[in-house]
Amino acid sequence: MKKSVKIHFFGASGVVTGSKYLVEVFDKIILVDCGMFQGLKELRELNWHDLPTNVSKIDMVLLTHGHLDHVGYLPRLLKQGFKGKIIGTAPTLAIAEIILKDSAKIHEEEAEKANKEKYTKHSPAKPYYTIKEAEEIISLFEVELEDKWISVSDRISFRFQYNGHIIGATFIELDIDGKRYVFSGDIGRQSDFLLNDPKSPEWADYLFLESTYGNKLHPKENIEQVLSTIIKDTIHKKGNLIIPSFAVERLQTLMYVLWKLYDKNKIPNIPIFVDSPMGNNVLDVFWRFPKWHKLSDGEYKAMCNHVTIVQSYRETWETIDDPRSKIIIAGSGMVTGGRVLTYLKQMIDEPSTTVLLVGYQAEGTRGRQLQDGAHELKFFGRYFPVKATVKSIESLSAHADQKGLINWLSTIKNTPENVFLVHGEPTASNTLRVKIKDIYNWNVSIPKLFDSVVLNV
């Protein structure tokens, strides 16, 4: 029996998206996260490739949380022979189910549209995966409790620990023959509007740490004041405020903050339309799992009642045709697809429109292009001139910044044998590497995509 642990970095290494870490140990093979790549074309093309391993031998997938870049590759495992378990907390699996079904529907619709309007190079264009394939993989989901050690064998166990990134999100502690392997997942922030503060590990022999904002500190901006100013400016211009939003957490946070602004008389009663079928389903997850967030029942109901939930594509067009100044919150958060493109198609060439970006924009996404000042945007097979005002609020990010990451490490009582920085662009990871070395004097490595390491048990 092998007495070493081999880790394969199949995603989110040198890049932010596509989280996948394969752990080979003794007679077990465990995959931590199973995400899609997003952003640059050469990364997205990797989504169509099989994993460079025998997938049929993977015993289980452990999920840190339900975001697409951590779960979106799951249906592809079926085609490669996966028959194991997919394990996460109850809210994580609820979110993953929503995201997989929604993205499968979008994949099917976009393939159909591309074939119908003939703006595809493929003949025919095929969906990345279907609703049927998403449902098949969802049938392998198994819920485990947070903060409870689960035995895999007499030498391997794991535990999920709350880390406050989105509802259900955790870091994973993997105990192998008494050594602790910690996979941070995406770490949340202190004093979040909706979520409790993240827990942090007390021991880590090997640490796999996200570095999304490893080179940045979130601005100390007053979110309420910034939003109030943008909204009042939108009303003054008789325009529309379009907020591309991640359906999980960001959308609910925006609903909460906008309701609180109105409740405090800081903004007028401007119509707010939420057009995200997935986001609506996530609201239900908040209702079902009240112990995973800070909202009271009264606050939850009040913020939901303050917005208009768009239920159909017909209502999307009714919202577009509504002549009033309004706020439209629609997916997706990086403007890679979803309902927000329909609004941008109609409004991005109007100077009275404001587009507000409220989260991390990965390299190669339309959101990053807008953030970088693009004068035109390509979608639906054509270019649209950008005449709208584009603004950005980084401090609504659900990721810890550099200071938050450094503080998260401060509870670790031992000196890790190695820290592997993942889930970050090269500059962010390298800056964090230097900072960790300066503060803690720990060994830090930055693995590249498809690297592997052999670690002693």
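**Figure 1. The loop that holds Glu249 in the predicted model.** Glu249 is found in the loop between strand 12 and helix 7, and the structure shown here and in every other view is a predicted model. Although Glu249 is not a glycine, its phi is positive, at about 80°. With a relative accessibility of 3%, where buried means under 20%, Glu249 counts as buried.

**Figure 2. The loop that holds Lys238.** Lys238 lies in the loop between helix 6 (223-236) and strand 12 (240-244), and this residue, which is not a glycine either, has a positive phi of about 55°. Lys238 is exposed, its relative accessible area being 69%, whereas Glu249 is buried.

Figure 3. The peptide bond that runs from Gly331 to Ser332 is cis, and its omega is near 15°. Ser332 itself is found in the loop that connects strand 15 (326-330) with helix 11 (340-347).

**Figure 4. Domain 1 and domain 2 where they meet.** The protein is divided into domain 1, made up of residues 4-216 + 400-456, and domain 2, residues 223-392. Taken over C-alpha atoms, the centres of the two domains are separated by 27 Å. Where the domains meet, 33 residues of domain 1 are in contact with 31 residues of domain 2, and the area buried between them is about 2800 Å², with carbon and sulfur atoms giving 71% of it. Of the area that domain 1 buries against domain 2, Ile167, Phe193 and Leu194 supply 27%, which is more than any other three residues.

**Figure 5. The largest nonpolar core and the surroundings of Ile327.** The largest nonpolar core has 76 residues, and the members that touch the most others are Val61, Leu74, Leu77, Leu100, Ile327 and Ile329. Because domain 1 and domain 2 both give residues to this core, it lies between them. Not counting residues up to four places away in sequence, Ile327 touches Ile231, Leu241, Ile243, Leu258, Ile270, Pro271, Ile272 and Phe273.

**Figure 6. Leu22 and its contacts.** Leu22 is found in strand 2, which covers residues 21-25, and at 0% relative accessibility this residue counts as buried. When neighbours within four places in sequence are left aside, Leu22 is in contact with Lys6, Ile7, His8, Phe10, Ile29, Ile30, Leu31, Thr53 and Ile58. Leu22 and Val61 are 39 residues apart in sequence, while their C-alpha atoms are 9.1 Å apart in space.

Figure 7. Helix 8 runs over residues 277-288, and at 1.5 Å a residue its 12 residues should span 16 Å, which agrees with the 17 Å between its end C-alpha atoms. Its buried residues are Met278, Gly279, Asn280, Val282, Leu283, Val285 and Phe286.

Figure 8. An unreviewed UniProt entry carries the annotation "domain: Beta-Casp" for residues 251-370. In the model, the C-alpha atoms at the ends of residues 251-370 lie 20 Å apart, and this span is 47% helix and 12% strand.

Methods: Residues are numbered from 1 along each chain as its sequence is written. This is a predicted model: local features need pLDDT of at least 70, side-chain atom pairs count only at pLDDT 80 or more; totals for chains, interfaces and linings use all residues. Side-chain values use heavy atoms; hydrogens and water are left out. A nonpolar core is a set of buried Ala, Val, Leu, Ile, Met, Phe, Trp, Tyr and Cys residues joined through side-chain atoms within 4.5 Å. Buried means under 20% relative accessible area, exposed over 50%, partly exposed in between (1.4 Å probe, protein chains only). Domain bounds come from an automatic or database domain assignment. Contact means heavy atoms within 4.5 Å. Helices (H or I, at least four residues) and strands (E, at least two) are DSSP runs, numbered from the N terminus. The expected span of a helix is 1.5 Å times one less than its number of residues. UniProt positions are given in the numbering used here, feature names are shortened, and annotations may be inferred rather than shown by experiment. Buried area is the accessible area (1.4 Å probe) that two parts lose on being put together, summed over both.
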